[in-house]
Structure formats: C-alpha cells, structure tokens
Amino acid sequence: MILCDERMVDGMTRKLSISLPDDVAKVLDDVDNASAYIAEAIVMRRERDTVAAMLKRHGHVVTAEGVAAWRERLAEMDRRKAARRAEVEK
Amino acid sequence: MIRVILDASAIATYAAREPDSMSVSELIAQVAETNDAVGVPALAFIAAFQASSPEAREVLEDFVSSAPQSIKLLALQGEDTPTVASMCDDLAADKVHALIESSRYDAYVASYDVWPMARFAHEDDLIQLK
C-alpha cells in the first residue's frame, strides 16, 4: 500500500509525502533523483494502462500467455540479429 | 524506441477484430510493456483505411490517436518518396514504407503477409503474424 499526502508547490509540480514498502523504497536509495525516478515510473505505467484500455476498447482480449509468448519470440529474434551482426563484423 | 513496424495487413486485421487479430494485439501489448513503441507507416495506415469498413475505420482513427507514446504514426519522408515510387511495381507501397521505417529504426516488420518483403529484407527482420 502506498500512502501519501500532498501540498501544492506551484502550478507545475506538487510536493507529495508518500509511504512505500521497504523493499520498494530501497530502490530509491541508489538513484540520484527519486522524484524523477518515480515520475518516470508513473508515466510509463500510465502509458501501459492507456494501451491496455485502448486494446480493450477495440474489442481485443489480450492474454498474459500471449504477451509472454511475444516477449520470448522478440528476445529470440534479438539474439539472432545480434549474432548475425557479430558475424558480419568478424 | 520503435520496436515493431506494422504493415497494412496487420493494421487492417487489428481494426477488423478478425479472429487472427489477437496476434497483433498481443504484440502491441508486449511492446508497450517494455515502454517501446509500435510504428504505423502512413502509407500502411492509408492502405488499411481504404480496405476497412466504416466501423473499422473508427477503430483505426482511435488507434493512432489514443496512445501516441506507444503507437507512432510515421509520415513518409520526402527523401524516401522516390524509393517507394521506384519499388511500387515490385512491392505494395505500404510494405515499402514499412521496410524503410524498419531500416530507419532498426525495428522488425510485422505482417500477415511477409513473403513479398522477403526479397528485400532479411527473414529475421520480418515477423509473420498468424
């Protein structure tokens, strides 16, 4: 669970006090700009949600298995491409 | 990063919600999962639009406007136009545009009909949808 309270800093940003699980918060210990890191994560999540909503709106049912199959297939294609290029560079 | 380029067959099948379209929708979901993007060449979009029903055309319009970070409509650049024209006797314009963008972004081309492109691209750069 994430808890937060917020204050307006100016028209462009809001200052939030958030509570994170220990293991999640620990990630932020090693980043230079925690706010930027969190903001980027939120933007990325929002975009994924936007795509998921669009697919649903268009009548497409996406399965976790189907997405996982593409993940594996693209990773394999990436490996083949990298190997091909390495061969060319020899 | 643009990871996959769709040709007209992929776009039209998606919009028509044909039984096969799950393949392309799950590909789109996977690309979005890694915060990469799917490229939609303008000529492929136009060809798919021409081949689509009024209902599917509404889907297409929504498709290229809903998630601009993940679904990127790619204009045909001026300098690429002669290439498309010179190849139009051998390959449909939407596929030529898809191959050009594939080369530009180092992305794969996904299609329900890849074989016409096999003469012009390495097979490992083409994704046969099914």
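Biologist: Which residues does Val4(B) touch, leaving out those up to four places away in sequence?

Modeller: This is a predicted model, so read everything as computed. Val4(B) touches Leu27(B), Val31(B), Val38(B), Ala107(B), Tyr108(B), Ala110(B) and Ile127(B). Residues up to four places away in sequence are not counted there.

Biologist: Where does Val4(B) lie in chain B?

Modeller: In strand β1, residues 2-6 of chain B.

Biologist: Is Val4(B) buried or exposed?

Modeller: Buried. Val4(B) has 23 other C-beta atoms within 10 Å, and the cut-off for buried is 20 or more.

Biologist: How far apart in space are Val4(B) and Gly39(B)?

Modeller: 6.1 Å, C-alpha to C-alpha. In sequence, Val4(B) and Gly39(B) are 35 residues apart.

Biologist: Which residues touch the most other members of the largest nonpolar core?

Modeller: Val4(B), Ile11(B), Ala44(B) and Ala110(B). That core has 47 residues. Ala110(B) is also one of the residues that Val4(B) touches. As background, nonpolar side chains tend to be buried together in soluble globular proteins.

Biologist: What confidence does chain B get?

Modeller: Its mean pLDDT is 95. 100% of the residues in chain B reach 70 or more. For the model, ipTM is 0.91 and pTM is 0.87.

Biologist: Switching to chain A. How many helices and strands does chain A have?

Modeller: Three helices and two strands. From the N terminus on, the order is β-β-α-α-α.

Biologist: And how much of chain A is buried?

Modeller: Buried residues make up 4% of its 90 residues.

Biologist: How do α2(A) and α2(B) pack?

Modeller: At an angle of about 170 degrees, with their axes 9 Å apart. Helix α2 of chain A covers residues 34-57. Angles over 145 degrees count as roughly antiparallel, so α2(A) and α2(B) are roughly antiparallel to each other.

Biologist: Which residues meet there, between α2(A) and α2(B)?

Modeller: From α2(A), take Glu47(A), Arg48(A), Val51(A), Ala52(A) and Leu55(A). They meet Ser25(B), Ile28(B), Ala29(B), Ala32(B) and Glu33(B) in α2(B). By class, this helix contact has six nonpolar, one polar and three charged residues.

Biologist: Backbone next. What is the phi of Asn35(B)?

Modeller: About 60 degrees, a positive value, although Asn35(B) is not a glycine. Asn35(B) lies in the loop between α2 and β2 (37-41) of chain B. With 16 C-beta neighbours inside 10 Å, Asn35(B) counts as partly exposed.

Biologist: And what about phi of Asp106(B)?

Modeller: Near 55 degrees, again positive in a residue other than glycine.

Biologist: Where does Asp106(B) lie?

Modeller: In the loop between α6 (93-105) and β4 (108-111) of chain B.

Biologist: Is Asp106(B) buried or exposed?

Modeller: Exposed. Asp106(B) has 11 other C-beta atoms within 10 Å, and 12 or fewer counts as exposed.

Methods:
Residues numbered from 1 in each chain as written. Chains lettered and ligands numbered in written order. Predicted model: local features only at pLDDT ≥ 70, side-chain atom pairs only at ≥ 80, totals over all residues. Helix = DSSP H or I, 4+ residues; strand = E, 2+ residues; numbered from the N terminus. pLDDT = per-residue confidence, 0-100. Core = buried A, V, L, I, M, F, W, Y, C linked by C-beta atoms within 7 Å. Contact = placed C-beta atoms within 7 Å. Axes fitted to C-alpha atoms, helices over the stretch in contact; angles between N-to-C directions. Parallel < 35°, antiparallel > 145°, perpendicular 65-115°, else oblique. Nonpolar A, V, L, I, M, F, W, Y, C, P; charged D, E, K, R; others polar.
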